[in-house]
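Trainee: I'd like to learn how to read a structure feature by feature. Could we walk through one together?

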Amino acid sequence: MHIEYPEYYNKFHCLAGDCPDTCCKDWEVDVDEDTFYYYKVQEGELGKKLEQCLVEDGDLKYIPMKKDGSCPFLTEGKLCEICSCLGEEGLSQVCQEYPRYYMGIGHYEQVDLSLSCMEVGRLLFTQAGPVRYEKSENDEEAWETLSDTDQKRLTEIRRLRDSMIASLQENDGSREPAICILPDAGGDEHLRRILRQLDVLDSESGILLEEVEENYEEIRNREAAFREKYKELLERLFTKFAVYLVFRYTLDSYYEGNLEKEQRFWNRSLRLLFLMCVNYERKEGAFGVGAMIRMAEHFSRQIEHSDENVERMKQE
């Protein structure tokens, strides 16, 4: 298997109780079948609590959140009670893997980290210089067998992706036509319709997107001054965000037949995050790298963790 991942991938480690946020809130915890039955045979106080919290609904197995939105196994110190008792190997697959993201086609696997984790945002947005990608190989079986034609198509898509990433990070001011790092307001009407249709996955993130819609006119009035005031910072931060989007989503075109959907998703995502950043400065009076990390986290929580919301952002 040929594997590719951003160079900061191996630098990531969970901050656990030291994290300024928590990933153990607002999201229903899916439990894979092996872990579900492992939990069912636990004894003692943890076993009793697992028995009370586990839900089996047909093929779905999960741990629902409490009324305040937090996982019932999240301690006051922001640690996982299951992990503390059973070790990391006792976590469900989704909890062990987060914020890692895997996509495989044939003998190729793309590995990435989600910006819904603030530590990932810190690694991306504070990295000096361009984002680079590393490659490795292992003996794992291929995801699927590809015909020569499909393998050639995958290779061409990867080359196109790499070309766009290189172009985005060049210092000569050139830009790949497929993506503009700071799109203008031309598509805002459509984007605002999409915002009104999104499924709310995270309560705080949902509120922030509602604020963009409710305060849109004021945000637009502040946009030009915001662009001018933070010009160099915006160029640096949004270039990194654009590279993140291109690396993560270009491979989707292998199944969709062309890049049209991905282009719409990239530009709408860049525009939405930009509006969220202007709104942040509108409320807080300042903008910086920390604000970008926070807004990217909310974007990712609300958009990237819902296949339905991603698809809405891709549609014409």
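Trainee: Where is the place of Thr-250?

Mentor: Thr-250 is in the loop between H10 and helix H11 (253-256). Helices (H or I, at least four residues) and strands (E, at least two) are DSSP runs, numbered from the N terminus. Before we go on, this is a predicted model, where local features need pLDDT of at least 70, side-chain atom pairs count only at pLDDT 80 or more, and totals for chains, interfaces and linings use all residues. Residues are numbered from 1 along each chain as its sequence is written, and side-chain values use heavy atoms, with hydrogens and water left out.

Trainee: Is Thr-250 buried or exposed?

Mentor: Buried means under 20% relative accessible area, exposed over 50%, and partly exposed in between (1.4 Å probe, protein chains only). Thr-250 comes out at 0%, so it counts as buried.

Trainee: Which residues does Thr-250 touch?

Mentor: For contact, look for heavy atoms within 4.5 Å. Not counting residues up to four places away in sequence, Thr-250 touches Ile-157, Arg-161, Met-164, Leu-245, Leu-259, Glu-262 and Trp-266.

Trainee: What is Glu-4 in contact with?

Mentor: Glu-4 lies in strand S1, and at 3% relative accessibility Glu-4 counts as buried. Set aside the neighbours within four places in sequence, and the contacts of Glu-4 include Tyr-108, Glu-109, Lys-135, Arg-158, Arg-161 and Phe-247. Tyr-108 is 104 residues from Glu-4 along the chain, with 8.0 Å between their C-alpha atoms.

Trainee: How far apart in space are Asp-162 and Met-276?

Mentor: Their C-alpha atoms are 28 Å apart, and the two residues are 114 residues apart in sequence. Asp-162 lies in helix H6 (residues 148-168) and is partly exposed, at 34% relative accessibility.

Trainee: Now helix packing. At what angle do the axes of H10 and H12 cross?

Mentor: Axes are lines fitted to C-alpha atoms, for helices over the stretch in contact, and angles run from 0 to 180 degrees between N-to-C directions. Here helix H10 (residues 231-249) and helix H12 (residues 260-284) have axes that come within 10 Å and cross at roughly 145°. As for handedness, a crossing is left-handed if the near helix is turned anticlockwise from the far one by less than a right angle, and right-handed if clockwise. H10 passes H12 in a right-handed crossing.

Trainee: Which residues meet there?

Mentor: On the H10 side, Phe-238, Phe-241 and Leu-245 are among them, and the H12 residues they meet include Phe-265, Trp-266 and Leu-273. The residues of this contact divide into 13 nonpolar, one polar and one charged.

Trainee: How many residues does H13 have, and how far does it reach?

Mentor: The expected span of a helix is 1.5 Å times one less than its number of residues. Helix H13 (residues 289-304) has 16 residues and reaches 21 Å from its first C-alpha to its last, close to the 22 Å expected. Because 13 of its 16 residues are buried, H13 is largely enclosed by the rest of the structure.

Trainee: How many salt bridges are there in the whole structure?

Mentor: A salt bridge is a side-chain nitrogen of Lys or Arg within 4 Å of a carboxyl oxygen of Asp or Glu. The search finds 31 of them. Take Asp-21 and Arg-294, whose closest N and O atoms are 3.2 Å apart. Asp-21 lies in the loop between strand S1 (2-6) and strand S2 (29-30) and Arg-294 in helix H13, so the pair ties together parts that are 273 residues apart in sequence. Asp-21 is buried at 19%, whereas Arg-294 is partly exposed at 21%.

Definitions and conventions. Nonpolar A, V, L, I, M, F, W, Y, C, P; charged D, E, K, R; others polar.
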